[in-house]
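The report below goes through strand pairing, helix packing, charged side-chain pairs and backbone angles in turn. Please keep the sequence and the coordinates at hand while reading.

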Amino acid sequence: MTDKTIYFTRHAQAAHNVADDYTIPDAPLTQLGREQSSRLNPLTEETIQKTAELLVSSPLRRPMQTMLEGYPNLVKRLESEGKPPILLTIAQEVNGHPCDTGSEPDNLISDPEFKGLDFKDVHPGWTNKKGIYDPVNAAERARQCREWIRNRPEKEIVFVAHGDILRWITDGYNSAKYWGNAEVRTYTFKSNDGEDALVVPKEGGLHYEVGDKGPTSSSHVFQK
C-alpha cells in the first residue's frame, strides 16, 4: 500500500444512459444528472473538497459537468491556488460510440461552462479513437492513467471519468463491477513501483453513492 489516495468518481446520469441511446454525440448530463451532481457536493464538502490536492477529469462533457457541480468548492479552492482542474485525454471513455467520443478543443474551450479548466492536454484529434484511444488498447490506456496518477506529487487526487474506463483502471479488465451515477470510491496504489501501477480499494476509504447503478456501453460484454 502507498500513502496516495485517489477518489475515483463516475459521472452522473447523462443523456445516453436514459434509453441506452449511444448515438448522442458527447452526451451531456440530463437534468437528473445535474441534480445528482449537486447532491454529491454536500456529501463531500467537509471531506474530499477540503483535503484533495488535485482534480482531474476526462474531457467529455458529462464528467466535466459532474466535476464542476459535484466538487464546486474544490474547483474554486484549487483555481485560487493556481491549479485549475486538469483535463486528461487518456481518461476518456473506452468505446467508439458517438456518446463516448469527445468534442474538438475549440468547441469545449469556447463553452462558458468550462471556462478556467486546464485544456493543455486536449489536442486536435483526441476524438479519433485511434492509437492509444482505440478501444482495443483500453488496458494499456488504463495503465497509463494509473501511472500518470502515481507519478503526480499530490497525495490526494480526485479523478472523474466513466464507468468502463474506471473498470479498466481499478480492476484491470472489463469487469462486471457496476459504478453508480456520481459514485465515489477510494483507492490507493498497491506499491510505489511496478510497471502495472495497480490500485486497490483503500481500507476505511470514503464511499459515496448518489444515483442508480446504470448501464454503460460495454455492459453487454462484461467479463466475469
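The model is a predicted one, and in it strand β5, which spans residues 184-189, is mostly covered, with 6 of its 6 residues buried. In a regular strand the side chains alternate between the two faces of the sheet.

Which strands pair with β5 in the antiparallel sense? One of them is β1, which pairs with β5 over 4 bridges, and here Phe-8 has Arg-185 of β5 as its bridge partner. Another is strand β7 (residues 207-208), joined to β5 in the antiparallel sense over 2 bridges, with Tyr-208 in β7 as the bridge partner of Val-184. Strand β6 (residues 199-201) also runs antiparallel to β5, and 3 bridges join the two; in this pairing Thr-188 has Val-200 of β6 as its bridge partner.

## Strand β2 between two parallel pairings

Strand β2 covers residues 54-57, with Leu-54 and Val-56 pointing one way and Leu-55 and Ser-57 pointing the other way, and all of these residues are buried. The pairing of β2 with β4 is parallel and extends over 4 bridges, while the pairing of β2 with strand β3 (residues 86-87) is likewise parallel and extends over 2 bridges.

Val-56 takes part in both pairings: Val-56 stands opposite Phe-159 in β4, and Val-56 also stands opposite Ile-86 in β3.

## Helices: packing and burial

At what angle do α7 and α8 pack? The angle between α7 and helix α8 (residues 163-171) is about 70°, and their axes lie 8 Å apart. Because angles of 65 to 115 degrees count as roughly perpendicular, α7 is described as roughly perpendicular to α8. On the α7 side the contact is made by Ala-138, Ala-139, Arg-141, Ala-142, Cys-145 and Arg-146, and on the α8 side by Ile-165, Trp-168 and Ile-169. Sorted by class, the contact of α7 with α8 has 7 nonpolar residues, 2 charged residues and no polar ones.

Helix α4 is largely enclosed by the rest of the structure, because 8 of its 10 residues are buried. The buried residues of α4 are Arg-61, Arg-62, Pro-63, Met-64, Gln-65, Thr-66, Met-67 and Gly-70.

## Salt bridges

A search of the whole structure finds 16 salt bridges. One of them is formed by Asp-3 with Lys-155, whose closest N and O atoms are 3.3 Å apart. This pair links distant parts of the chain, with Asp-3 in the segment before β1 (5-10) and Lys-155 in the loop between α7 (138-151) and β4 (156-161), 152 residues apart. Asp-3 counts as exposed because its relative accessibility of 51% is over the 50% cut-off, whereas Lys-155 is partly exposed, with a relative accessible area of 39%.

The side chains of Glu-69 and Arg-34 also meet in a salt bridge, at 2.3 Å from N to O. Here too the pair links distant parts of the chain, with Glu-69 in helix α4 (residues 61-70) and Arg-34 in helix α2 (residues 31-44), 35 residues apart. Glu-69 counts as partly exposed at 22% relative accessibility, and Arg-34 is partly exposed with a relative accessible area of 23%. A further salt bridge joins the side chains of Lys-177 and Asp-171, at 3.2 Å from N to O; Lys-177 counts as partly exposed at 34% relative accessibility, and Asp-171 is partly exposed, with a relative accessible area of 23%. Salt bridges that share partners join Asp-26, Arg-61 and Asp-111 into one network.

## Positive phi in a loop

Most residues other than glycine have a negative phi. Asp-20, although not a glycine, has a positive phi of about 50°, and Asp-26, which is not a glycine either, has a positive phi of about 40°.

Asp-20 is found in the loop between α1 (15-18) and α2, and Asp-26 lies in the loop between α1 and α2. Is each residue buried or partly exposed? Asp-20 counts as partly exposed at 42% relative accessibility, while Asp-26 is buried, with a relative accessible area of 3%.

Definitions and conventions. Residues are numbered from 1 along each chain as its sequence is written. This is a predicted model: local features need pLDDT of at least 70, side-chain atom pairs count only at pLDDT 80 or more; totals for chains, interfaces and linings use all residues. Side-chain values use heavy atoms; hydrogens and water are left out. A salt bridge is a side-chain nitrogen of Lys or Arg within 4 Å of a carboxyl oxygen of Asp or Glu. Buried means under 20% relative accessible area, exposed over 50%, partly exposed in between (1.4 Å probe, protein chains only). Axes are lines fitted to C-alpha atoms, for helices over the stretch in contact, and angles run from 0 to 180 degrees between N-to-C directions. Angles under 35 degrees count as roughly parallel, over 145 as roughly antiparallel, 65 to 115 as roughly perpendicular and the rest as oblique. Contact means heavy atoms within 4.5 Å. Ala, Val, Leu, Ile, Met, Phe, Trp, Tyr, Cys and Pro count as nonpolar, Asp, Glu, Lys and Arg as charged, and the others, Gly among them, as polar. Two strands pair if DSSP finds at least two bridges between them.
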